[in-house]
Amino acid sequence: MGHLSTHVLDTAHGCPAAGMTVTLQRVRDGGAAETVKTVTLNKDGRSDGPMLDAAAMAVGRWRLVFDVAPYFRARGVTLPEPAFLDTVQLDFGIADAQGHYHVPLLVSPWSYSTYRGS
């Protein structure tokens with residue numbers, strides 16, 4: 001059964017990004033985005049359940065929006081205004097609704113990377 005998950009690691013502090021807000025959006029033809037779910041990451045830097053479960057998985061274009069600057073400010077990091085990274089927006093495609101899609105984010109106030117995880 002397919003599902004979508006995410007995991008965020010704070011590379012500046014060497015820990016999971018507990019408390020970061022992440023929004024999942026469905027990107028429609030023409031570019032309009034519809035919010036599907038917003039979560040706050042748990043102590044392991046993960047959502048408590050899948051971002052999309054098997055019933056909600058659908059082929060198409062999707063977007064994860066990670067609230068990076070608010071997370072680091074809440075940790076006491078002094079950031080410039082505006083922050084270098086305020087939100088990180090990752091657009092990706094789901095080609096197989098039966099597949100497992102894991103989208104990790106490694107992030108600091110100054111950089112990020114991602115990949116399709118397992």
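Among contacts in the chain (heavy atoms within 4.5 Å) between residues at least 6 apart in sequence, 63% join residues at least 24 apart. The structure is a predicted model, in which local features need pLDDT of at least 70 and side-chain atom pairs count only at pLDDT 80 or more, while totals for chains, interfaces and linings use all residues. Residues are numbered from 1 along each chain as its sequence is written, and side-chain values use heavy atoms, with hydrogens and water left out.

The radius of gyration, taken over C-alpha atoms, is 14 Å, which agrees with the value near 13 Å that a compact globule of 118 residues would have; the globule rule is 2.2 Å times the number of residues to the power 0.38. The C-alpha trace spans about 40 × 30 × 20 Å along its principal axes. Of the 118 residues, 42% are buried, where buried means under 20% relative accessible area, exposed over 50%, and partly exposed in between (1.4 Å probe, protein chains only). The chain exposes about 6,200 Å², of which carbon and sulfur atoms supply 51%; accessible areas come from the Shrake-Rupley method with a 1.4 Å probe, and for residues only the protein chains shown count as cover. The mean positions of the 10 positive and 11 negative charges are 2 Å apart.

Helices (H or I, at least four residues) and strands (E, at least two) are DSSP runs, numbered from the N terminus. Strands of a sheet pair through backbone hydrogen bonds, either parallel or antiparallel. Two strands are taken to pair if DSSP finds at least two bridges between them.

An open sheet of four strands has the order β2-β1-β7-β8, with mixed pairing. Strands β2 and β8 (112-114) stand at the edges with a single partner strand each, so one side of each is left without a neighbour in the sheet. Strand β1 (residues 3-10) is largely enclosed by the rest of the structure, because six of its eight residues are buried. The pairing of β1 with β7 (residues 100-107) is parallel and extends over eight bridges, with S5 opposite H102. The pairing of β1 with β2 (residues 15-16) is antiparallel, over two bridges; here L9 has P16 as its bridge partner, and D10 stands opposite C15. Four residues lie between the strands of this β1 and β2 hairpin, in which G14 takes a positive phi near 70 degrees.

Within β7 lies P104, which counts as buried at 4% relative accessibility. Leaving aside neighbours within four places in sequence, P104 is in contact with H7, S113, T114, Y115 and G117. P104 and G93 are eleven residues apart in sequence, and their C-alpha atoms are 15 Å apart in space.

L24 stands opposite K37 in β4. Five residues lie between the strands of this hairpin, and G30 takes a positive phi near 95 degrees.

Strands β5 and β6 also pair in the antiparallel sense, over eight bridges, and V65 has Q89 in β6 as its bridge partner. In a regular strand the side chains alternate between the two faces of the sheet. In β6, the covered face carries V88, L90, F92 and I94, and the uncovered one T87, Q89, D91 and G93. L64 is located in β5 (residues 60-67) and is buried, with a relative accessible area of 0%. Beyond its neighbours within four places in sequence, L64 is in contact with T6, V22, T23, L24, M51, V88, Q89, L90, F92 and V103. L64 and R26 are 38 residues apart in sequence, with a C-alpha to C-alpha distance of 9.0 Å.

Most residues other than glycine have a negative phi, and most peptide bonds are trans. The bond joining E81 and P82 is a cis peptide bond, with omega about 0 degrees. P82 lies in the loop between α1 (68-74) and β6 (87-94).

How values were computed
Lys, Arg positive; Asp, Glu negative; His and termini not counted. Charge placed at Lys NZ, Arg CZ, Asp CG, Glu CD.
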